[in-house]
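Thank you all for coming, and please have the sequence and the structure open while I talk.

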Amino acid sequence: MKEVPQRIEGTEEGALTLRPGSEGAEKWLYRPIKCLDHGFVYLVDYMGNDDAVTEAARVSYGKGTEKISNNKGLIRYLRRHDHTTPSEMVEFKFHCKMPIFVARQWIRHRTASVNEYSGRYSIMSNEFYMPDANFFAKQSTGNKQGRGEELTPEQKARVSELLKEDYERSYAHYEEFISEDFDLARELARVGLSVANYTQWYWKIDLHNLMHFLRLRMDSHAQYEIRVFANAMARIVEDAVPVSFGAFKDYQLNATKLTGPEKEIIATNSWPMDRETVAQIVFERLNNKRETNEFLEKLSELNLLK
């Protein structure tokens with residue numbers, strides 16, 4: 001436990017605190033990172049730093065804080081072996097503004113505390129997400145949740161035109177609903193608005209569950225729009241807890257997870273091997289096309305395919 005107050009870099013001159021601080025986190029407080037066309041992410045508050053992780057871990061076996069040189073090794077050991085509760089002692093509170101459809105994906109991470117802007121009490125903004133035309137693509141044939149072949153320039157222009165018309169029309173109707181002509185209840189007036197309309201919230205989460213969010217939402221298979229927000233948050237977290245984030249990158253974010261059958265296939269064959277032969281061997285063992293393709297991606301990452 002710290003015995004003397006320490007001033008945290010970035011606070012008012014002379015401000016003292018007994019709390020463990022992070023200079024990396026302090027520099028991001030109330031500094032928005034722009035996301036998409038109208039969105040943003042910024043750090044509102046935080047609790048703890050890398051030292052807080054090690055202190056929480058050591059209290060379980062009756063030792064106080066040890067040498068700083070030992071902390072990095074302990075954090076990496078904890079992350080490497082999935083000992084996650086010490087990371088839950090560090091928390092971050094963000095203010096985020098995003099399209100509603102992004103928020104609906106985001107809210108699936110139920111381990112956070114959330115307070116969202118309410119269209120029942122407040123007027124919804126005339127802000128809608130307009131995707132860059134370069135991101136317009138057809139439905140993927142191999143992934144029901146993803147994008148595939150690009151649209152033609154003419155198709156892209158038409159999609160942009162239709163979206164703009166839809167947004168303008170729906171908000172004009174919304175304004176009419178809440179005008180004196182109707183004075184429709186706001187909770188009903190909003191129902192015609194698109195999920196491209198922007199919302200915002202305060203989102204508070206501990207470090208372990210934040211890393212779980214980042215691992216899923218920074219992945220190349222995640223939807224582009226939510227990846228933008230995850231990447232922005234990762235910039236903040238990396239500065240706030242650099243040792244923890246470094247271990248996270250090494251052992252989760254950039255790691256390749258192998259299943260039991262996949263380990264067996266690697267162990268019982270000679271590598272590298274051509275893709276066609278591997279695909280046949282893998283499919284015979286797994287008997288699942290999608291799982292086979294996923295394993296082939298892993299083998300490619302590991303440079304085991306010719």
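Predicted model: local features only at pLDDT ≥ 70, side-chain atom pairs only at ≥ 80, totals over all residues.

Let me begin with a question: how many disulfides does the structure hold? The structure holds zero disulfides, where a disulfide is taken to be a pair of cysteine sulfur atoms within 2.5 Å. For those who are new to the word, a disulfide is a covalent bond between the sulfur atoms of two cysteines. Cys35 is in no disulfide, and its nearest cysteine sulfur, that of Cys96, is 8.2 Å away, which is too far for a bond. Cys35 counts as buried at 0% relative accessibility, and Cys96 is likewise buried, with a relative accessible area of 0%; here buried means under 20% relative accessible area, exposed means over 50%, and partly exposed is in between, using a 1.4 Å probe and protein chains only.

Residues are numbered from 1 along each chain as its sequence is written, and side-chain values use heavy atoms, with hydrogens and water left out.

Now to the sheet. Five strands form an open sheet in the order β1-β2-β3-β7-β4, with antiparallel pairing. The edge strands are β1 (33-35) and β4 (113-116), each of which pairs on one side only, and neighbouring strands of this sheet are turned by 25° against each other on average, with direction ignored. Two strands pair if DSSP finds at least two bridges between them, and the elements themselves are DSSP runs numbered from the N terminus, with helices (H or I) of at least four residues and strands (E) of at least two.

β1 and β2 pair in the antiparallel sense over three bridges, and the bridge partner of Lys34 in β2 is Phe40. These two strands form a hairpin with three residues between them, and Leu36 in the turn has a positive phi of about 55°. Strand β2 (residues 39-47) is largely enclosed by the rest of the structure, because seven of its nine residues are buried. From β2 to β3 there are seven bridges, again antiparallel, and among the paired residues, Tyr46 has Phe92 as its bridge partner in β3. Next, β3 (residues 91-99) is joined to β7 (residues 198-206) by nine bridges, and the two run antiparallel; one of the pairings is that of Pro99 with Tyr198 in β7.

What lies across β3 and β7? The answer is helix α7 (residues 207-217), which runs at about 130° to β7. That angle is between N-to-C directions on a scale from 0 to 180 degrees, with axes being lines fitted to C-alpha atoms, for helices over the stretch in contact, and contact means heavy atoms within 4.5 Å.

Rings of Phe, Tyr and Trp (its six-membered ring) pair if their centres lie within 6.5 Å, and planes under 30 degrees apart count as stacked, over 60 as edge-to-face and the rest as tilted. By this rule the count comes to 16 aromatic pairs. One of them is the stacked pair of Trp106 and Phe213, at 5.5 Å centre to centre and with 25° between the planes. Trp106 lies in helix α4 (residues 100-106) and Phe213 in helix α7, so the pair ties together parts that are 107 residues apart in sequence. Trp106 counts as buried at 0% relative accessibility, and Phe213 is also buried at 0%. Ring pairs link Phe92, Phe94, Trp106, Trp201, Trp203, Phe213 and Phe229 into a cluster.

Finally, some backbone details. A cis peptide bond, with omega about 0°, joins Trp271 and Pro272, and Pro272 lies in the loop between α10 (260-267) and α11 (275-286). Asp183, in the loop between α5 (153-178) and α6 (186-189), has a positive phi near 50° although this residue is not glycine, and Asp183 counts as exposed at 59% relative accessibility.
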